[in-house]
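Colleague: I would like to learn how to read a model of this kind, one feature at a time. Please give the general idea first and then the case at hand.

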Amino acid sequence: MNVGVAHSEVNPNTRVMNSRGIWLTYALGVGMLHIVLLSIPFFSVPVVWTLTNVIHNFGMYVFMHAVKGTPFETPDQGKARLLTHWEQLDYGVQFTSSRKFFTISPIILYVASRHLEQEIFSCKFLHEVRHNTLCHKHCFPFECADPQIATTTRSPHLWHQQVLS
Amino acid sequence: MTESSANKPGNGQVCHRVKNGVKPGRNGFIKNHHHYHHQQPMYCYPEDKVQHTACNGSSGLGLYSRPFIESFEETPMLVAVLTYMGYGILTIFGYLRDFLRDWKIERCHIAREREEQRDFVPLYQDFENFYTRNLYMRIRDSWNRPICSVPGAKVDLVERVSPDYNWTFDYTGKVVEGVINMGSYNYLGFAENTGYCADASAEVTMKYGVGVASTRQEMGNLDRHEEMEELVAKFLGVESAMAFGMGFATNSMNIPALAGKGCLILSDELNHASLVLGARLSGSTIRVFKHNNMQSLEKMLRDAIVHGQPRTHRPWKKILILVEGIYSMEGSIVRLPEVIALKKRYRAYLYLDEAHSIGALGPGGRGVVDYFGLDPRDVDVMMGTFTKSFGAAGGYIGGRKELMEYLRSHSHSAVYAASMSPPVVEQIIASMKCIMGEDGTTLGRDRVQQLAENTLYFRRRLTEMGFIIYGNNDSPVVPMMLYMPAKIGAFGREMLKRNIGVVVVGFPATPIIESRARFCISAAHTKDMLDTALSVISEVGDLLQVKYSRHKRLPSLD
């Protein structure tokens, strides 16, 4: 069982990210990571999203951009030894669908987690604005208290807001 | 999007008919290529076929005189996901074990450099052996099994155990006898140590000795060699033939003599390592077309002729198409009528490697050209090996007389390699005479027929049981998909426990989600042996749950 025994594909690593079902497996893997982190009791949801992002980015960095070469010997006389997996994809052809997918997926993950924070931000912000306009209608603008910027610090109230909103 | 065996561009055949009434389009749909030619019965007559291949273009209709049924069922999505997870878990554990070995918590069996050489440039690339030490070593007992009898239909294995998870093996001293051999390329059953061929070889050894100790051009050209080459030429239907001592060397040493700088080689995606090496050694430009895909080949031919060489746009000196008769990993047969039609239209040369198909296909056992009923003169270079169907070793090249005269003086193998040894030559002569019927018996014809029957029966029963089988219905190479890495090792071991020897193969020799077990049917297998093997395969298949096929075949009354 060696590379080049049964086919003329010099480096099988180039085709792995194009094979059937790998994108789905990747998405499921990220989902599993998220669920595992969610089940740890003392992490709140925004923390979990941040951790998912960080661990996903770290994992992809290590496997795609830090480790060089192939885990098997290839018949290309070592040309792939100096290349990371990302550089090996599709033999260096840029803007293939795999490259586009794996470029966009961390962005989507980030936007998903920001969207979650933004929701909390807007919820609390609107709450404060409502409070200010109702209670301090007659005040001059610069005398009003600034609306509190929602933080992602942990507080048990955040859980309630999550549940209620 | 993602590729799979079904998404690859269709082979452009005009009539796509699903024969067995299964609805295509579901998750496990089959890519079924089915060609019938009903109307003109004259296509079946051998003398008319040249005319028809010339006047038909590259369309599929009219070139095939018999149904061409190939199927490569797509991987079920759940199985693909589980396969990737399996490899992922193995990778993580591999990293863990490497960490433990590095910190001396676990004993390290791998070759390491000595302490004094720590500051030198490293001899071994650690990462390149990751797969070998973490995945291959775990299931290594399925390969390199030592045998101690002739590998016919049944073989004796030396029993071995491993105390340290396959890093070392101990021989218990016992022999596992009568293992049904589903792994040898023994298509016509000539791997035997009794009978007419063995007696003839023994006699010749007494007369000529065992070795030749010279090259063909010096003192190594025996009269048996000349007789064998004439016999091979007669068998194939070509003007002249030449034989070499090693099948791999035939390809790798002769393609450089045929093509050089300024030539273009169009080679199939799944060509054997010997063809790839020969193409690389020749120094020509190599372009790879999709496996058995005539549209891809035609497009490449057109591009090559229109644009010429890369920067200068000069015309190519020659264009050589490299294909194989039967591809041993997929079990598919080349679409030879279409390749020949394309070759004639675009004035390219065809090099056909019949390593697995010579002796195994065709009503007379004469290979894939005989199987399709085509003219051997259409193929420019017919290459094959004696290892598989003839029970010998070595390879041959056949073609026109001028080509062979050229190769006799220019081939590296003829000039530098030792010639074949006399007992091997005699085995080839005896077995070829047997297949052609010239020894006065019908043994050869019976064997060819037996192989065809065995193939059809075995393939039909396996698909009825629900396994995913790749390849053409007529090819004696039967790859059965296993997919998951753990099942590769489990299948090999379970089959050996039940006294059947099989060959399993996985990543990186195959694509990552297409690990398989490969059965090679032999004419020496009796129906009882096949039935035993099939029942055992069904039992192991149920145990390991490898019956993945998504469509039901009705069992026929046999």
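Modeller: We go from the chains to strands, helices and single residues. Keep in mind that this is a predicted model.

Colleague: How many helices and strands does chain A have?

Modeller: Chain A has six helices and zero strands, so its order from the N terminus on reads α-α-α-α-α-α. Buried residues make up 37% of its 165 residues. Among contacts in chain A with a separation of 6 or more, 58% are between residues 24 or more positions apart.

Colleague: And what does chain B contain?

Modeller: Chain B has 16 helices and 18 strands. Of its 558 residues, 55% are buried. For contacts with a separation of 6 or more in chain B, residues 24 or more positions apart account for 71%.

Colleague: Which residues of chain B does UniProt list as a domain?

Modeller: The UniProt entry, which is unreviewed, lists residues 178-537 of chain B as "domain: Aminotransferase class I/classII large". Such annotations may be inferred rather than shown by experiment. In the model, the span is 43% helix and 17% strand, and its end C-alpha atoms lie 17 Å apart.

Colleague: Now sheets. What holds the strands of a sheet together?

Modeller: Strands of a sheet pair through backbone hydrogen bonds, and the pairing is either parallel or antiparallel. In chain B, three strands form an open sheet in the order β3-β4-β16, with mixed pairing. The edges are β3 (154-161) and β16 (500-501) of chain B; each has a single partner strand, so one side of each is left without a neighbour in the sheet.

Colleague: Where in that sheet is the pairing parallel, and where antiparallel?

Modeller: β3(B) and β4(B), the latter covering residues 170-181, run antiparallel and are joined by six bridges. Within that pair, Lys154(B) stands opposite Ile180(B), and Leu157(B) has Val176(B) as its bridge partner. β4(B) and β16(B) pair in the parallel sense over two bridges, and there Asn181(B) is partnered with Gly501(B).

Colleague: Is strand β5(B) buried or exposed?

Modeller: For burial, the cut-off is a relative accessible area under 20%. Five of the five residues of β5(B), residues 240-244, are buried, so the strand is largely enclosed by the rest of the structure. Ser240(B), Met242(B) and Phe244(B) point one way, Ala241(B) and Ala243(B) the other way, and all are buried. Five bridges join β5(B) to β13(B), residues 395-399, and these two strands run antiparallel. One of the bridge pairs is Ala241(B) with Gly398(B).

Colleague: For two packed helices, what should I look up?

Modeller: Look at the angle, the distance between axes, and the residues in contact. Helices α15 (residues 485-497) and α16 (residues 527-544) of chain B pack at an angle of about 140 degrees, with axes 10 Å apart. α15(B) passes α16(B) in a right-handed crossing. On the α15(B) side the contact is made by Lys487(B), Ala490(B), Phe491(B), Glu494(B) and Met495(B). On the α16(B) side it is made by Val536(B), Ile537(B), Val540(B), Leu543(B) and Leu544(B).

Colleague: How many disulfides are there over all chains?

Modeller: A search of the whole structure finds zero. As for individual cysteines, Cys148(B) is partly exposed, with a relative accessible area of 40%, whereas Cys263(B) counts as buried at 3%.

Colleague: Where is Gly365(B) found?

Modeller: Gly365(B) is in the loop between β11 (349-353) and α10 (368-372) of chain B. Not counting residues up to four places away in sequence, Gly365(B) touches Phe235(B), Ile358(B), Gly359(B), Asp370(B) and Val448(B). Gly365(B) and Leu236(B) are 129 residues apart in sequence, with their C-alpha atoms 9.8 Å apart in space.

How values were computed. Residues numbered from 1 in each chain as written. Chains lettered and ligands numbered in written order. Predicted model: local features only at pLDDT ≥ 70, side-chain atom pairs only at ≥ 80, totals over all residues. Heavy atoms only, no water. Helix = DSSP H or I, 4+ residues; strand = E, 2+ residues; numbered from the N terminus. Pairing = 2+ DSSP bridges. Buried < 20%, exposed > 50% of the residue type's maximum accessible area, 1.4 Å probe, protein only. Disulfide = S-S within 2.5 Å. Axes fitted to C-alpha atoms, helices over the stretch in contact; angles between N-to-C directions. Left-handed = near helix turned anticlockwise from the far one by under 90°. Contact = heavy atoms within 4.5 Å.
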